[in-house]
Amino acid sequence: MIKIDIISGFLGAGKTTFIKKMLNEAFTGEKIALIENEFGEVGIDGGFLKDSGINITEMNSGCICCSLVGDFGKNLHEVIAAYHPDRILIEPSGVGKLSDVMKSVIDLEKEQDVKLNALVTVVNAKKASKQMKAFGEFFNNQIEFATTIVLSRTQNVTTEQLELCVGQMQELNPKASVITTPWEKISGGQMLKVMEGQDLLEMKALAEDAHKREAEPHTHHHGDGDSDGCEHHHEGLDHDGCEHHHEGLDHDGCEHHHDAHDGHGHHHHADDIFTSWGKETPHKFTRAEIETAVKALAESDAYGTVLRAKGMVENTEGGWIYFDMTPGEYEIREGDPDYTGRLCVIGTDLKEHGLKELFGIA
């Protein structure tokens, strides 16, 4: 029986760091496969986890809802056939809905010797309130369907902030266990006990129910658009090759009322809210150049609302520079060479021309 753990969390919550911790401390001796479904053209997290010796399959499709329907199931089958792992970790896109991913796994349980094992959502304790307000439906769905909520950066918040954050989580999902201890003070093994000690039955029923409600009006036209079979014409609303006629609330797992950005009460598809700018480049950078660029993304709104930036590029002095940024904080380190340099920025209202200039790429 292959265990399937879903590790969800909003952009920049710390999913990759959490997975790394679990690989090092809790899953030792197990054969692990990781499926990443990153929103955006450039897959990068795999690079951060390469040295851990696990099998990684990256799905980089622009359209979240479509990729979960057909490709995702196919991907799971391929991973099982190729690697025969003991455990599969699924890291959905930071803006995907946990209930959708669960449904794909529930369907697979009927065909393969697998079981949905742990439903984990990583939440940045410092930013949860803000993200909940700004990205309600996407953010909340990941909380509502989790059985374990792992708070990150709890060492950086006051006791009052932490209690408020836990209160917000419990309001959305009173059944989930919330891990609040700073990660350096709790072992991966302790976390695993919490994750695996939860009853998933009710959540599975809720996810199937949510999917039934959503599935009715949802139609897909797979034209000759992008590589994932979804057309992406982003001049207007909802022109992504998935038709969305919805009078009601969030009936397709991808919709959102993003009133903060849109006073017209329009329904939004994830692809209309979040955009990603990705670039593969052989350009060599100095560490100072990367530091300047990443600092600008972390600390100013000049390039749009940047929620996440990450990349690996060649250093002019030899070696490679890896960077990872969420609003207000970033990390720059050395890493292994990759096949070419890659940059990825995810956010809302991104200024692509400005980003190209910032990184000095024509």
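Q: What makes the second largest pocket a pocket, and what is its volume?
A: The volume is about 410 Å³, taken as the space filled by probe spheres set on grid points joined across faces, edges and corners. A pocket is an open set of points on a 1 Å grid over the protein atoms alone, with protein on both sides within 12 Å along at least five of seven lines. The model is predicted: local features need pLDDT of at least 70, side-chain atom pairs need 80 or more, and totals for chains, interfaces and linings use all residues. Numbering starts from 1 along each chain as its sequence is written, and side-chain values use heavy atoms, without hydrogens and water.

Q: Which of the residues that line the second largest pocket are the closest to its centre?
A: Lining residues have an atom within 4 Å of a point. There are 16, and Lys-130, Thr-305, Val-306, Leu-307 and Pro-327 are the closest to the centre. α5 gives the most, with 4 residues. Helices are DSSP runs of H or I, at least four residues; strands are runs of E, at least two; both are numbered from the N terminus.

Q: Why is β15 called largely enclosed?
A: Buried means under 20% relative accessible area (1.4 Å probe, protein chains only). In β15 (residues 320-326), 7 of the 7 residues are buried, so the rest of the structure largely encloses this strand. Both faces are covered, with Trp-320 buried on one side and Ile-321 on the other, among others.

Q: What makes β14 and β15 a pair?
A: Two strands pair if DSSP finds at least two bridges between them. β14 and β15 have 6, in the antiparallel sense. Met-312 stands opposite Tyr-322.

Conventions: 1 Å grid on protein atoms, 1.4 Å probe; cavity = no way out; pocket = protein on both sides within 12 Å on 5 of 7 lines; lining within 4 Å. Buried < 20%, exposed > 50% of the residue type's maximum accessible area, 1.4 Å probe, protein only.
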